[in-house]
Structure formats: structure tokens, C-alpha cells
Amino acid sequence: MRIGVVTFPGSLDDGDARRAVRRCGGEDVALWHNDPDLRRVDAVILPGGFSYGDYLRCGAIARFSPVMRSIVAAAGTGLPVLGICNGFQILCEAHLLPGALVRNAHLHFRNRDQLLRVESTDSAWTSRFSVGQELLIPVKNGEGRYVADQATLDELEAGGRIVARYLNGNPNGSQRDIAAIRNEAGNVVGIMPHPEHAVEALTGPSTDGAGFFTSVLAHLSAGATT
Amino acid sequence: MTTVEEPPMAAVADFDTVGQAGRTPDVTQPYAELGLQEDEYEKIRKLLGRRPTESELAMYSVMWSEHCSYKSSKVHLRQFAEKAPKSDRLLAGIGENAGVVKVNEYVAVTFKVESHNHPSFVEPYQGAATGVGGIVRDIIAMGARPLAVMDPLRFGDPEHPDTARVLPGIVGGVGGYGNCLGLPNIGGELVFDPCYQGNPLLNALCVGVLPVGGLRNKAAAGPGNAVILLGAKTGRDGIGGVSVLASATFGADSSARRPSVQVGDPFTEKLLIEACMEIYAADLVVGIQDLGGAGLTCALSETAAAAGTGMRVTLDEVPLREPSMAPHEILVSESQERMLLIVEPQKASLVLSIAARWGLLATVIGEVTNSGRLVVTWRDETVVDVPPASLADEGPVYARPMREPSDLPLLHADRAETLPRPASGAELRETLLRLAGSPNLCDKTWVTEQYDRYVLGNTVLAQPEDAGVLRLDEQTGLGVALSVDGNGRYTRLDPYRGAQLALAEAYRNVAVTGATPVAVTNCLNFGSPEDPQVMWQFAEAVRGLADGCLALGIPVTGGNVSFYNQTGAVAINPTPVVGVLGVLDNVAERVPLGLRHEKDVLFLLGETRAELSGSEWAHVIHRHLGGRPPEADLAREKALAGVLAAAARVGHLSAAHDLSDGGLAQALVECTLRYGIGAVVAFADDVDPFVALFSESAGRALVAVPRGQEKAFLATVEEHGVPCTPIGVVGGTALEVRDQFSIPLDELRRVWTGTLPALFGSPGPAGLVEAAASSEPAGSVEPAASSVELEIEVVDEPPAAAEPVAEAAPVAEAAPDGEPAEEPAPAGEPPVQEPPADGSS
């Protein structure tokens, strides 16, 4: 299965996302911000970083890149898309996901090993987990506080679209401890912590992050065989 | 023809040209305001055979400044080369942008530490940010991809209001730049001492990797080659003292007096890294140099001087942020995120297209010539015509007067060993807690949480570990370990020994991970070189460091000198910061510092003497600085490193931690709190527990050895001739010193983690602080039962344990039956627990 990882100017975790895809058995494909060609990928990851320096507002410029036009269109027809950190911010800016990610409540960049609770396995990227499963995954961001209006938050809750919540302390002040959400169809997921940094015991706090990548590969294989 | 008496600068042009300089030899020039001495100015005039133009004067003033010319330090720094031990690993050494060390046949690593002290005091965030940016470009210039950064930081009194201004800004700047650049921060230092109040130290280290054949240099070889400026536009930032020229010439125009601290743009630097990597991969450059201090002036003159060529530069081509800039401003601007590339003409368009792909400006601003002159034109007039080496290499060199500080004999006489000591177990407990919660020894999470340590996915160890460990090769596991250390108090008491102790500590920190130390970098932070007492401290420290490197057999590969760290007549404690690089054949074998397995046996390697002068104990408890610092026995350090590497390689170490600031007590605090697993320690009857816990004797490490491997471990120890004492057993939920005290880890953790948040503000809104304290490290499993009584029989009471610690012989030697550390029978079986997930299983 071909998993595309987009490199925007200022993307930082693109190499890590590609390594995670490879380690979990997928074929990683480099996508370039300025090229609308998705190169026949079966899924796309928008990696962490500071696309275009994040100078205007996180993800606000990346949203208008040629590759994003293709991704928004493909997501509409079911292409699995995972936005990690800056990728999550871009997905919100692109309106593939509701709400926004704003400056951490404590105003600091924070990097820590964060415990999460899986709230929904009903997505292309979390099918291999079980509800209630606890994951230890690094979080690192300055603008990771998820916010939305009450109606949206209620809708996310009611629709089972909150994919993961922070456990044992909310690292950034996110509303309702939200760490990850999905779209209605379940193919688009945005997550603030970094599963790509938790795929190897040697370099991560756990290997819990691998589940996101094996989930999408399983999802794609299932789709391919049916 | 009539001669008209004109004001010298008038009419012809609003800038000074070479022609004008020839016509108006007697113009008064503001050389003194620019920091040049009268004889230095005369030397310039003699060199050029005329007065310098404004632009030339600006160039000489920055290139001959202490910062660029090393004019006061040069005569001493030579020792690093003269005394350098033979090393076949060294590919590039002192004088290059950074030293380059061969790791194996194919892979090389480059690393360097640099200061950005003064800017970080003036404008903490940008000063620190551009400090990181500058050292990263040095690494790029060697042909390397930057891999990680480290940040040794020093501040004044933690409770001083200005520290609350400077510290958050500097930490924010280091993080803001490094995080956005995508480089993990893998370690550093955080030290407080009132001597740094007006002179905080921001040192930054960067390490990068390159193929052995991919080494780049700065020589602008090949007349006809294009000179390309790559990266950000040039603005009025960072012009510093040269703004004197602007005001002297054009009147006090306030718009020309911009802040002299540069502003960093990490996004552009990230693009610069990627563009340079593509340019290297396509082999498109002949030479390359970063633009840092002294901006274009430095890059142009050094590249031409290195090749012995000349250069013709059209300054009008330089992309400007402010079109009103004068030529001398363009030449000395320290605008960030710029590189100078020397490129064969037919490859120039390829370089420009790679730059365009990354959205970077790249401009041909001139060409290499064989004239031996650096000629710069502006609006078709020649504003600079000088021999490049006169700027780069032929600056003044001073052998400044030196004198031992007059207060040193008094300081030496005032020994900390004579201060009142805690006498009872309760007092020892109280002392340990006060030290653990003191600003220099407390938990540094408040700072390190603001840095990304995961990006790039090769961080195997990062702070709070003794050294950062990076994987270089995913297939083989080849990697490097790095540590930076310094101790200004030791160096104040004895600069020769203090520098060696800094070296020894960094060396030891690398060694405890199991790595083999191979090379050294240094950042020498001192007061004014014009003060003979400071100059003596500097000379002694350099001599100590050079001798130390020779003794350890690892060369200094490069470094940086920062003088004038003083406010008024009071200089900072002399603070050489030393970085050591080590090699690990397989990073999977690295040894972390935290205790992980119940029942592992704790051994103390090395010899403990009653060495308390300059110690953290004397500093915290008595506000005392006096006496002589601990002995620096480098042969012992070498032997210790040998044991650690050998034992790590065969898996005999489940944990290892260097003993330094705060002694054994602090090592135990850090080892137990890392994963929340306690320890019981016992000292022999004739050992003074206070000395055992708080002495800062060098050359020591605390190690945990899995049950069943003690014998093999002790055999290795004996082979290397390192003193070794069994001192305890891992387990329980407290740190206990038998017959003295016991501290539940919860209490210890509260004390250790509370300090920085209390000083610099809670790191988050209500609820976050507590969570932070209880989840660090996240995933750690606290043993359920409290206060487990562990009975340890220390090695069947071998004679070694009964010896006074100061005379401890190697254990294996002292235990004739050769049966050390047999399974001690715990009286109460501690609860069996799973080792916490720590990424090492």
C-alpha cells in the first residue's frame, strides 16, 4: 500500500512519518506541496512541523497549496488522510475537520510523553485499537489547544468523532481533553500528539503509535479485497 | 584649475570611495568609536597606503574585533593544536567553521559550541534564537546535515527579578528557533550563580553528519567562479558598533540606529538546510561559508583568503531589506540565515534553481579573481580594495599581560572542608532534600519540556540523561553521544584544574552511556582580556584544557572564545564549557541513567575523598566559595571510561550515572526518580556518610548491575584497575541510606520538581502542574507498596567495604574469595513489579 507523506516548506516530521509507514509495512511516497499529483497513493499523511513558518496562522497558508486542493478533493471520495500536529492544523484550516487549534493555554511549547485514551476505533486510522485503550505518545506543540463552539463539540461527542483524549493531565488546555478527532466518514483524522515518534522502542516512549499506521494498512487491505 | 577648500565628505557622492580616500587623506575617521586602537588604525593605513574608506574601516573594525580576530586569545589557543594528541579521526580541526571527526570509514560528524552571551542579555529571545541559528549554519558550512542542538545556559540569582526576564526569554528563543528548525534538543546545562547576573551565558552546540567524502571548505578557489549569496535579504539588523559610522557620517539619523541584536527566522534557516543538502548532493559548490559575525565582510574575506585568491563583488546585487542602506552597512550587516557559495559559472543556474524550489533568494554578487584583492563596488564606484588576508588573518595579535588574581591565596585558604557539616541522619536527610530542590540540582523539566527532543526520529537519549545519544545509521545502529559541561566555581578557584574538571565531566558523561569519547569542542566564557587577572584565568584554563585533552588522548576540534563577560569591574566566574563527542557502535547498547530493575546491585566506581570546596553543598548550604576544587585525575577518568564502555558492550550495566555536582546524593536522587524505583544504600562503619554522599570527587560513577552479572562485572573492573565499592541494592519506594535516613520517592519528587515552576511560573493552568509532576516520566510505574525494607548484605562484607572510602582498593582485589555481591537475601521480598516502559526493552 502506498502512503503519501506531504512535504511543505517547513515540514519537520515528514521523514519520521515516512519511516513509521515503512516500519509498519507500507510503502512511503513523498508528495510535494507545490505538486498537485498525488502519485496514486492509497492514503495521505500531513506531517508535523511549521509549514510556511506558520507565520500567519498555523496551517493557514498550507491549506492553499496545490497538493491540498488534490487532497481535499480525494478526501471527499474516501481517501484516508491523517493530519499530525501541524497536519491537524492544516486539516482544520482546510475545513476537512471542524474547530481550530490555538495557542496552548500556558503559552509555552510543550514536549512530553503523553498518555491518551482511545475513544473511537471507527476510523481508517484507529481500527486496530480498542476503545478505552491507553496509548503513550509524545506530544509537542505550541499551538495544540483544540477549540470549537459548544454545538460542534456536542456534535463530535454524539457522533463518536472524538478519536482520542488526553489522560492524566491535559497538556495544552484542549476543550474536553480532545487529542484527536475524525470527520463523519471516518477517513480523515487529525491528531495533535505524534504517533510517528512512538513506533520504535529505541527512539520513542512506546510503540503505541504504530497502531495508527497498521490500522490504515489493514483498512486499505480490507478495501482492496472486498 | 582652482583648488576649492571643501568639507571632505561633501558633494561627490553620499558614500566614501577609494578614489575619495586617496584625495582626502586627512579626514578624521571614527576608528576609536568603532573599537580600533590608534596603532591598529595606523596599521590599516600602512597596509593600504592610504586612509581606509568608510566601508573598509567598518570591515577592519569588525574583522579585527576580539570576536572575529581572537587577538587576545590566539597566542594561548595555539596550544590546542600544539598539544593535540594524534588522532586519525580528525578530518578538519581548529580554524574551520567546525571540527570534523570520522566515525567510521564512511561517516563523519561535525560539532561545535559557540556563545551568544551579550545579545542574549540585551534581547533574550532573539539573542538566544540567533545563537542557535548561527551555530547551525557553521555545521551546514562543513557539508553536514545538522542533527541536534544542545544549550548550556547560565543565569544569575534565580530569585533576582531580571532572571525572570532573561531566563524565560532565552529558553523561549532556544526552543522557538530549534523547534521550528526541526532539530532535537538533546541536552545542555542550566546553572544559576549570582556572578552571571549581568552576564547570562547562552552557549549553543550543534552536531551534524556528513559522508567522509562530503567535507566542504570555505576556500574561494578558481578565478572566474561565481560568488553567490543564498538565503535571507540583508537588512540593518546586527550592525552594532558600526552604526557609529552611520551617525558620524550622516548625522544622528535615528532610523539608521536599529537594534544591534539580529532577528532570527528559523523557517528560512530550515529552507537553507534543505537547499544546501540538495546543492551538496549534486556537488555544485567549490566553497561555502556561513554569514555570522561580521556578515558579508567575514565571508568574503575569509573565503578569498583561504584560497589565496581575490574577489570582485558588486554590492548593488545584494538583495536588501532596506534600500536606503549604505555600502558599509551592507558589508557588516549580521542579518541571519545567509550563506556564501563559490560555484563554477556553468553550475550557477542549477544552484539558483534549487534555491527557487525552496523559495529562497540566491544571487550572483561577484566572481573570484586572481588579483589577490577584495574589490567591492557600489554604484559603479570602488568602495573597497584590500588584500583579503589583511582582514581575515593579519589582524593584531596581543600577548596581553597576565597576573594571578590577588584574592586567590585567600580564597584557597578558605576551605569548604572546614565548614560545619550535618551530624545526624536527620540532618543528612534535610541536607539532601535542600540540595535536591536547589536551583542547580532540581528537575529541569520546566525548561526541557519547551524543546522538541523527538524530531528526526534518531534521539536515543536526551535530557535529563547524562549525555544525548543520536543514532546515525538505522541499519547498523552506529551513533554518537554528546555532553557539554562546565563549572565556573571550580574554575574560579583553580582555572587550570577547573577546565580539566569540565573536560573530565563531559568525558565521563559520554562514557557512562557506554560510548567511547573521541573529540572535544569548547566555549570559553571569560571577563575582559584587558584585565590581567582575567587573562591569567584564561591562559590557565586553556593550558589545563590542552593538557587534559592530551592526557585523555582526544583532540580539541574547534571552539569559541567569549570575552568581556563582565559588568563594571566584576567579571563572571571563568567558565570554560567543554563538549565531548563519543562514538557508540550500536546505540541499542547505550546505558541510561535511571534505575529500572529491582534487586540490581549498585556499585560506586572510583574513589571518594573529602573534597567539598567549590561543591554544590558549600554553595547551597553555606553560600561559600573557597578552597581548592576536587583533584582532576585524568588517568582515572580514562580507566573509568574503559570500564564503562567494556561493561556496556556486554550488557553488564542496567544503569549508569556520572557523579558530579551534588555528589553521590544527587546521583541517587536522579537515578531513583527517573523511573520511580528506589534504592537502599549502606556505607561501611568507618565511612563518613556525609563525605560519601556530598563530596564531589571526580572520576566516579554509580552503576547498577543485574543480579548474576556482578562477578563478570567485577572482573572487568579489576582488569581496568578502577576502585569499586558495592554500596546498595535497587528497589522499594524510597531512597534509603541505611542507619541514616529514608526518603519516600513521592516526597523526594515533590521537592525536586517544585523549584523551577515556583520560580518561573506554573507551566500551565490549574491542573496541569500536578499532572506534570505526577506523570514525569510519563508511563513510569510507581511501586505500590511504600517503605519496603530491603536487607542488603554488601558483598558478604568484603574488606573493601570496611576500608575507609578514601582508600578503597578495587573490590575484586580486596575480596580474596572472589565472591562479591552474591545474592543478598532480602528480609522482606519486595513487591515484584514490571519494569516501566522506558523504550529500552
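Predicted model: local features only at pLDDT ≥ 70, side-chain atom pairs only at ≥ 80, totals over all residues.
Local features need pLDDT of at least 70, side-chain atom pairs count only at pLDDT 80 or more, and totals for chains, interfaces and linings use all residues. Residues are numbered from 1 along each chain as its sequence is written, chains are lettered from A and ligands numbered from 1 in the order in which they are written, and side-chain values use heavy atoms, with hydrogens and water left out.

**The sheets**

Helices (H or I, at least four residues) and strands (E, at least two) are DSSP runs, numbered from the N terminus. Two strands pair if DSSP finds at least two bridges between them. Axes are lines fitted to C-alpha atoms, for helices over the stretch in contact, and angles run from 0 to 180 degrees between N-to-C directions.

| Sheet | Strand order | Pairing |
|---|---|---|
| Chain A, nine strands, open | S2-S1-S3-S4-S11-S10-S9-S6-S7 | mixed |
| Chain B, six strands, open | S14-S15-S16-S21-S17-S18 | mixed |

In the chain A sheet, the edges are S2 (27-32) and S7 (134-141). Each has a single partner strand, so one side of each lacks a neighbour in the sheet. The twist averages 25° from one strand to the next. Within this chain, S3 (residues 43-46) and S4 (residues 81-84) run parallel and are joined by three bridges. Leu46(A) has Gly83(A) in S4(A) as its bridge partner. Helix H3 (residues 86-93) of chain A lies across S3, S4, S10 (178-182) and S11 (188-191). The helix runs at about 120° to S4(A).

In the chain B sheet, S14 (459-461) and S18 (556-562) stand at the edges. Each again has a single partner strand, so one side of each is without a neighbour in the sheet. Neighbouring strands are turned by 20° against each other on average, direction ignored. S15 (residues 468-471) and S16 (residues 479-485) of chain B pair antiparallel over four bridges. Val469(B) is partnered by Ala481(B) in S16(B). Helix H19 (residues 495-511) of chain B packs on this sheet, touching S16, S17 (516-525) and S21 (575-584). The direction of H19 makes about 25° with that of S21(B).

**A helix pair in chain B**

H3 (residues 54-63) and H11 (residues 295-307) of chain B pack at about 80°, with axes 10 Å apart. H3(B) is therefore roughly perpendicular to H11(B) (65 to 115 degrees). Met59(B), Val62(B) and Met63(B) in H3(B) meet Thr297(B), Cys298(B), Ser301(B) and Glu302(B) in H11(B); contact means heavy atoms within 4.5 Å. The contact residues divide into four nonpolar, two polar and one charged. Ala, Val, Leu, Ile, Met, Phe, Trp, Tyr, Cys and Pro count as nonpolar, Asp, Glu, Lys and Arg as charged, and the others, Gly among them, as polar.

How values were computed
Parallel < 35°, antiparallel > 145°, perpendicular 65-115°, else oblique.
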